[in-house]
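This briefing goes through selected features of the structure shown below, grouped by topic.

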Amino acid sequence: LLTVAIATFGAVAYTAVRRSDLDTAWARLQNVTERLAATTRVSMADRLRRVREVAEDSATVAAFQSAEGLSAGRRVLSRLGPDTGAAITTMLQDPAGHTVAALEREVAGLFAERRDTAAVSPIVVRGDSLLLEFSAPVHEGNRLLGHVVQLRTLRSAPAVVKTLNELVGSEAKLYIGNRDGSVWTDLVEQVRQSPTLAGNRGRYLREGRMMLATSAPIGGSPYLFVVEFPEDRVLAKSRSLLWILVGIGALIIGGGALAGWLLTRRITIPLAEMTAAAERISSGAAAGTFPPVTTEDEIGRLDQSFRVMAESVRQARENLEEQVRDRTRALELTRDALVRKERMAVLGQLASSVGHELRNPLGVISNVVYYLNATLKNTPGRVHEHLRILSEQVKLAEKIIADILDFTRAKPPEVSEVPIAQFLDEQIPRVTLPSGIRIERDLDPDLAPMQVDRVQVGQVFINVLTNAVQAMDGKGGILTIRARSDHGRVRLEVEDDGPGVPDEHLERIFEPLFTTKSRGFGLGLSVSRSLAQANGGDLTVSNAPDGGAIFVIDLPAAGVTV
Amino acid sequence: MKDRTILVVDDDPGMVETLCDILELHGWHPVRAYDGAEAIAMVREGEIDVVLMDVRMPRMSGAEALRAIKARHPEIPVVLVTAMAAQEVLNQAERDGAVRILKKPLDLPLMLQVLEQAIAA
């Protein structure tokens, strides 16, 4: 657009200047041409006047009438003399054009017809010469006697050329021609190409060069002066203006391009980078890095705001992702718990039915064992040993069923005050201790009693204690039972001498059906934790620094009303 | 010394059979019934000193049979055996006159002791 505007402006300016230069040149040429024409008219009129004076001289009339007219004519004509080198001859001619007397030589006149007034003839080409004729009629009364005729060659007048060169320049050329266009000459010779004029102006090519021309008639003659001047000389100034314009245009366009490039660097490139970053952000990727804009302008501020926005988007997205992760994790846990609960509910019903149905046959088997033991008094010892094994296995089966039923049947706890020392005295003997294991009690001197369901918590304690004994795996060692009061709570700890619980099992051991034993349902600790929680407490496990496991039964103490 | 006739009621013949044999070892004279209605009929025929009856049975439960027996023969002690029953059922059974409610799996020495006490009373 800028380019077009500059080009248009340049073209308009150039055209205007060119036109104005041409008009000026034409006007000057016209002026010069007219001055030259005026000068020439004066000299031609002067010459014609002198011819007429001779023609009106009585001596001339007499010369036509005398017998010795020829010599008399010569005397008269000598007054016109060879005043310039341009005169070829001066003659007296009769009306038919026959020469009566000639000063130099006899030549045919140039006028085609008889004239009653003094006149200048059109230019005539004769051989190599360009001729013109001044003639004036000689009358006696009303009778035309003949003409005084002077033929001249057309010559360049040095004064005229000098004037022309001074006024216009050495490249100006002067042409003279007949007004009817029949002959044109540059004052040296006839020229083939006539000036082409419209009115008194012309513009045409001569020998490949565009020329400007103006014409002016030479008064009192049938001649036309034309001054030609090469257009390029006229237009040199406007041409240089054109080049200046082109240069300025190129400068402006180049400058514009440079400015555009700089703007692009300063505006477009940062904008493009921001756009790309925005697209990256909207497609979920990180904004990425791009060179900062250090300017203080709108782009710089936009860049700043954009970076702030990108950062908050990034943080918001991170927060969101973190929240989604957290929620997802929580949901997964909830879902897992629900699935587990559902599974356990189904399993629980099934186990409960199976357990109940198994109890009857087990009861019958127990009865059989009892009966056989009672009746086979005299049978070998091995039979009784087998009956003992049978009885043991029945008890084990009953224990498994009891665990299952405990697990599936949530009875509300019937709480009462339970003194801890007494509780331990009751419970500890229920567990059969292998010979190598020794129990150490470590009780606070003034322990508050527990406020719990004695049976349920007893079950929890027995479970934990049995577990500890099994963990020590017959190797023997010390089993520590600690009890502490703490702000309305009682902490019952059972620490064994075993290998401890692998870290990855620390939470899982409380999951139903999780077991590391070859036997067992994996319900014991799960049931125990549920029971502890039902009693307002909890069951947790950790590993002692020296390797054993520490089970902690946390329970509410009596005397604290909640 | 009484006849020590004891009516053993359970829908599981294995249980009835083994219990009867064990009771015989301990000087009881057991008779058998396999549901509540049968037990009531047996009691009506007379000669029953003690009833040992499972609570959960098809057709007529031990708890219902207990009420029927006690209605006619409040003097006959009834010992109930149960694996699992709702607490209110057990409470009701106690109000209806059950001597004792034993839990399964049966502790046989305890059972024998309870029965001895019941007949001595």
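A:Glu53 forms a salt bridge with A:Arg49, with 2.6 Å between the closest N and O atoms; a salt bridge here is a side-chain nitrogen of Lys or Arg within 4 Å of a carboxyl oxygen of Asp or Glu. The model is predicted: local features need pLDDT of at least 70 and side-chain atom pairs count only at pLDDT 80 or more, while totals for chains, interfaces and linings use all residues. Residues are numbered from 1 along each chain as its sequence is written, chains are lettered from A and ligands numbered from 1 in the order in which they are written, and side-chain values use heavy atoms, with hydrogens and water left out.

**Salt bridges**
- Both A:Glu53 and A:Arg49 lie in helix α1 of chain A, four residues apart, about one turn of the helix.
- Helices (H or I, at least four residues) and strands (E, at least two) are DSSP runs, numbered from the N terminus.
- Side chains of opposite charge can pair when their charged atoms come close.
- Over all chains, the rule gives 34 salt bridges.

**The antiparallel sheet of chain A**
- Five strands of chain A make an open sheet in the order β8-β7-β11-β10-β9, with antiparallel pairing; two strands pair if DSSP finds at least two bridges between them.
- Strands β8 (184-185) and β9 (201-206) of chain A are at the edges and have a single partner strand each, so one side of each is left without a neighbour in the sheet.
- Strand β7 (residues 173-178) and strand β11 (residues 223-230) of chain A run antiparallel and are joined by six bridges.
- In this pairing, A:Lys173 stands opposite A:Glu228 of β11(A).
- Helix α1 (residues 2-56) of chain A lies across β7, β9, β10 (209-218) and β11 of chain A, at about 40° to β10(A).
- Axes are lines fitted to C-alpha atoms, for helices over the stretch in contact, and angles run from 0 to 180 degrees between N-to-C directions.

**The mixed sheet of chain A**
- Another open sheet of five strands in chain A has the order β13-β15-β16-β18-β17 and mixed pairing.
- Its edge strands are β13 (437-443) and β17 (538-543) of chain A, each pairing on one side only.
- From one strand to the next, the twist averages 15°.
- Six bridges link β17(A) to strand β18 (residues 549-556) of chain A in the antiparallel sense, and A:Thr540 stands opposite A:Val552 in β18(A).
- Helix α8 (residues 420-427) of chain A packs on the sheet and touches β13, β15 (477-486) and β16 (489-495) of chain A, its direction making about 165° with that of β13(A).
- Helix α10 (residues 524-534) of chain A also packs on the sheet, touching β17 and β18 of chain A, and its direction makes about 130° with that of β17(A).

**Interface of chains A and B**
- In chain B, 16 residues are in contact with 15 residues of chain A, contact meaning heavy atoms within 4.5 Å.
- The two chains bury about 1,400 Å² between them, 64% of it on carbon and sulfur atoms; buried area is the accessible area (1.4 Å probe) that two parts lose on being put together, summed over both.
- Between chain B and chain A there are zero salt bridges.
- On the side of chain B that touches chain A, the elements giving two or more residues are α1 (13-25) and α5 (108-120) of chain B.
- The largest share of that side, seven residues, comes from α1(B).

**Backbone**
- The peptide bond from B:Lys104 to B:Pro105 is cis, with omega near -5°, and B:Pro105 is in the loop between β5 (98-103) and α5 of chain B.
- A:Glu207, not a glycine, has a positive phi of about 50° and sits in the loop between β9 and β10 of chain A.
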